[in-house]
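Reader: I'm new to this one. Could you walk me through how to read it?

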Amino acid sequence: MALPVSRAAVLLLSLALTLALGFLLPEALKLLFRCLGFPYDNASYAIVLLYFVFVLFMAIPRLPRGTLPIQGKAVLITGCDTGFGLALAKHLHKLGFTVFAGCLLKAKKGDGAQELESFHCNRMMVLQMNICSEEEVSQAVEFVRQHLEDPDKGLWGLVNNAGISTFGEVEFTSLDSYKEIVDVNLWGTIRVTKAFLPLVRRSKGRVVFMASMLGRMGSPSRSSYCVSKYGVEAFSDCLRQEMYKWGVKVITIEPGNFVAATGIFTKEGVERRGEEMWERASELVRTDYGKAHFSHQVAKMKAFVSSGVKDMTAVLNAITDALSSKYPYTRYNPTDTYGWIKLQIMSHLPAAVADLIYVH
């Protein structure tokens, strides 16, 4: 079976880099040694040393960064109805955290909220929380303050997990759709963070943002989602710099493709979204793009529904480390190897080269 174009391109790039390192690096080092006045025969030793450092870097496990005691630490998680939020609430509770699980559908007896309420444990508290509602966010702050073991010590962790997603090329995506995505993923995140920050500052705790790999690189048909997650990345970076003086650590989680694990998309939902976009598009846009092209894009998105990593463990472990390590990383990139390579290429190579590999 033929390799996909993107993977074939990555393979060719890897081979080209291997040849360059094998043939060009020795000559380059010899030239450098000549210019510096060193015996150029020593260049071979430099190559061995570079290779040794590289292998050492890849082989040595990450240095231990210490673990903080979990007992007595309380964490608020938004978006606990499904997906990462629901799984994280159960995971952190099992580890010993006190969990405040914010659910959009608690008042409507949603399945996720009811599952968490069935724990009947004073370390698992479920609260109604629509992050787009000033009133509900304010009520959530008051609820958390009243139920903290020691309000004067504050709230240890805030995990901004709630979010929604959609798809659609720019000319098929309405402004209302852009506003809806950004209202939840960005403004909702900012609203919750500002509301709970005084409690987190009091404990010198952690603020964790659920961003995305698509907060670092663009993707066709995902502009509304990318816009919202790029915004989360920017807000997180600014807040991190402001919080150093308060002893609060701000961490960004950038998952790759976990669509199959979270169920954030369904084939039925993609189909409905496609029908809505086509119906609302102008006659000019329909004519220029054509039904065949549009149907192909919808079909690609339906195939995307079952793609990606099917196990959430990597994301849950990253958030857990962000909350419990003495020295957490600034960013975590839980993803598969293919996603990690793509992120590096899209982030570091010239845009024209990266686009040639993954877009054209």
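Author: Let's go through the sheet, the helices beside it, a loop residue and a surface patch. Keep in mind that this is a predicted model.

Reader: Which order do the strands of the open sheet have?

Author: To read a sheet, follow the strands from neighbour to neighbour. Here the 7 strands run in the order S3-S2-S1-S4-S5-S6-S7, and the pairing is parallel. S3 (124-128) and S7 (331-332) are the edge strands: each has a single partner, so one side of each lacks a neighbour in the sheet.

Reader: How many bridges join S1 and S4?

Author: S1 (residues 74-77) and S4 (residues 157-160) pair in parallel over 3 bridges. Look for Val75, which sits opposite Gly157 in S4.

Reader: Which strands do helices H5 and H6 lie across?

Author: H5 (residues 134-147) lies across S1, S2 (98-103) and S3, at about 155° to S3. H6 (residues 175-203) lies across S1, S4 and S5 (206-210), at about 175° to S4.

Reader: Where does Gly96 lie?

Author: Find the loop between helix H3 (83-95) and S2; Gly96 is in there. Gly96 and Gln71 are 25 residues apart in sequence, with their C-alpha atoms 6.0 Å apart in space. Leaving out residues up to four places away in sequence, Gly96 touches Ile70 and Arg123.

Reader: Which residues make the nonpolar surface patch?

Author: Leu32, Leu36 and Phe38 make it, and the patch covers about 300 Å². Leu32 belongs to helix H1 (residues 5-36).

Definitions and conventions: Residues are numbered from 1 along each chain as its sequence is written. This is a predicted model: local features need pLDDT of at least 70, side-chain atom pairs count only at pLDDT 80 or more; totals for chains, interfaces and linings use all residues. Side-chain values use heavy atoms; hydrogens and water are left out. Patches are made of residues with over 30% relative accessible area and no salt bridge: like charges are joined within 9 Å, nonpolar side chains (Val, Leu, Ile, Met, Phe, Trp, Tyr) within 5 Å. Accessible areas come from the Shrake-Rupley method with a 1.4 Å probe; for residues, only the protein chains shown count as cover. A salt bridge is a side-chain nitrogen of Lys or Arg within 4 Å of a carboxyl oxygen of Asp or Glu. Helices (H or I, at least four residues) and strands (E, at least two) are DSSP runs, numbered from the N terminus. Two strands pair if DSSP finds at least two bridges between them. Contact means heavy atoms within 4.5 Å. Axes are lines fitted to C-alpha atoms, for helices over the stretch in contact, and angles run from 0 to 180 degrees between N-to-C directions.
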